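I opened the model to look up a few loop residues and the surroundings of the ligand. My notes follow in the order I made them.

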Amino acid sequence: MASADIKPNIRSFDKDELKTLFIEKGEKSFRADQVYQWLWQKHVVSFEAMSNVSKPLRQFLEDNFTIHQLETLTSQKSKDKTIKSAFSLHDGKVVEGVLIPTPKRMTACISSQVGCSLDCKFCATARLKMIRNLTPDEIFDQVVNLNNQAKQNYQLPLSNIVYMGMGEPLLNYKNVMESISLISSPDALGMSPKRITLSTSGIAKMIVKMADDQVKFNLALSLHVANNEKRSKLMSINDSNPLELLADALKYFYEKTGTRVTYEYIIFKDFNDDISDAKELADYCKHIPCKVNVIEYNPIENGYFEQASKQKTEAFIAYLESRNVIVNVRRSRGKDIDAACGQLANKH
Ligand code: SAH
């Protein structure tokens, strides 16, 4: 019998691996389908609960595997109904996930890493050390948890999922792709990939890889300024992934997937809120069909930046529209509880 600490997490095996394992043990392969369904569709947290599985098989699973669980440590509800939760992982590490209800959508914002290795100057998560990647089941469980919260608090299931919590999803490529395939698989959550958006700081090589993998979900690039010198000041990832390289990768992505990319643009006072910045952005938008989300800056503790004024923001948007750029404005949500973009930093 394996001791508790070395028992493997049963959800690290995919369906085929489970089948092989069961057949080796002299079980019928449909037993693996049943167990898989308990794990990924019914979200049970014990082998005991798998009531259509024979007792000896349940015992075998109990003796040889564990089911890692996500635990909700705290949940805070904002005045605007946004709910931020801290989730504890099996090894005690903590990540945050946010439920964002709007009149049209019920969005889950989820994390892909514990901490982050990047140093984006405006982001609170960047101040944490990078601790580790999340596994596919840990990413998946955030969605299940936030979906339950949505149903309990607002009587609606999730409509959208955004990988905009802690971490850089493209630096945890394999696990993130597996989590998306689980979220969209009819054998698990069965949500359409069109309702999923991955947001990246911009890693050209991995954008090309997503294109080659013919991904079906949406892509957002945290652009923030369409000028290399300025962008490198905001995010040092721009030194190795400058705008031209990103434009080439995105063109390739669009050709292969036909998916319109979203550029996220946090507007900062006296940094990127001028008409000359809007002009550079509109020029950059000519590379591929895209749309721009202009995002209100959420101040972080001891931050370098301030919010752009309403007037500057409006002029900025009007200029983009005059150049036929599709623009949305994303107002900040959950600010009073530090649940807004870039404010996830495990404060508790
Ligand atoms: N690493 C990924 C995903 C996490 S950030 C990425 O960079 O895209 C998700 C979004 O939150 C990004 O667009 C990011 O730029 C934005 N964001 C980060 N800090 C912010 C802040 N202080 N105010 C507003 N948006 C912020």
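I began with Asn324, which I found in the loop between helix H11 (310-322) and strand E12 (327-330). The model is a predicted one, so I am reading computed values here. I looked up the backbone angle: phi of Asn324 is near 65°, a positive value in a residue that is not glycine. Is Asn324 buried or exposed? Its relative accessible area is 70%, and because the cut-off for exposed is over 50%, Asn324 counts as exposed.

Next I checked His224, in the loop between strand E9 (218-222) and helix H7 (228-234). His224 also is not a glycine, and its phi is positive, about 70°. His224 has 3% relative accessibility, so I noted it as buried.

Then I turned to the ligand. Which residues are closest to the ligand? I listed Phe122, Ser199, Ser222, His224 and Glu264, out of 22 residues that surround it. By class, I recorded 10 nonpolar, 9 polar and 3 charged residues in this shell.

A polar backbone atom of Gly167 is 3.0 Å from a nitrogen atom of the ligand. An N or O atom in the side chain of Glu168 is 3.1 Å from a ligand nitrogen atom. For Ser222, a polar side-chain atom lies 2.7 Å from an oxygen atom of the ligand.

The ligand taken alone exposes 540 Å², and the protein buries 96% of that. I noted that the ligand takes the space of the largest cavity. Strand E8 (196-200), strand E10 (261-267) and strand E11 (290-296) each give two or more residues to the shell around the ligand.

Terms used
Residues numbered from 1 in each chain as written. Predicted model: local features only at pLDDT ≥ 70, side-chain atom pairs only at ≥ 80, totals over all residues. Heavy atoms only, no water. Helix = DSSP H or I, 4+ residues; strand = E, 2+ residues; numbered from the N terminus. Buried < 20%, exposed > 50% of the residue type's maximum accessible area, 1.4 Å probe, protein only. Near = heavy atom within 4 Å. Polar contact = N/O pair within 3.5 Å; in protein donor to acceptor, adjacent residues only side chain to side chain. Areas by Shrake-Rupley, 256 points an atom, 1.4 Å probe, with all protein chains shown as cover. 1 Å grid on protein atoms, 1.4 Å probe; cavity = no way out; pocket = protein on both sides within 12 Å on 5 of 7 lines; lining within 4 Å. Sits in = over half its atoms within 2 Å of the grid points. Nonpolar A, V, L, I, M, F, W, Y, C, P; charged D, E, K, R; others polar.
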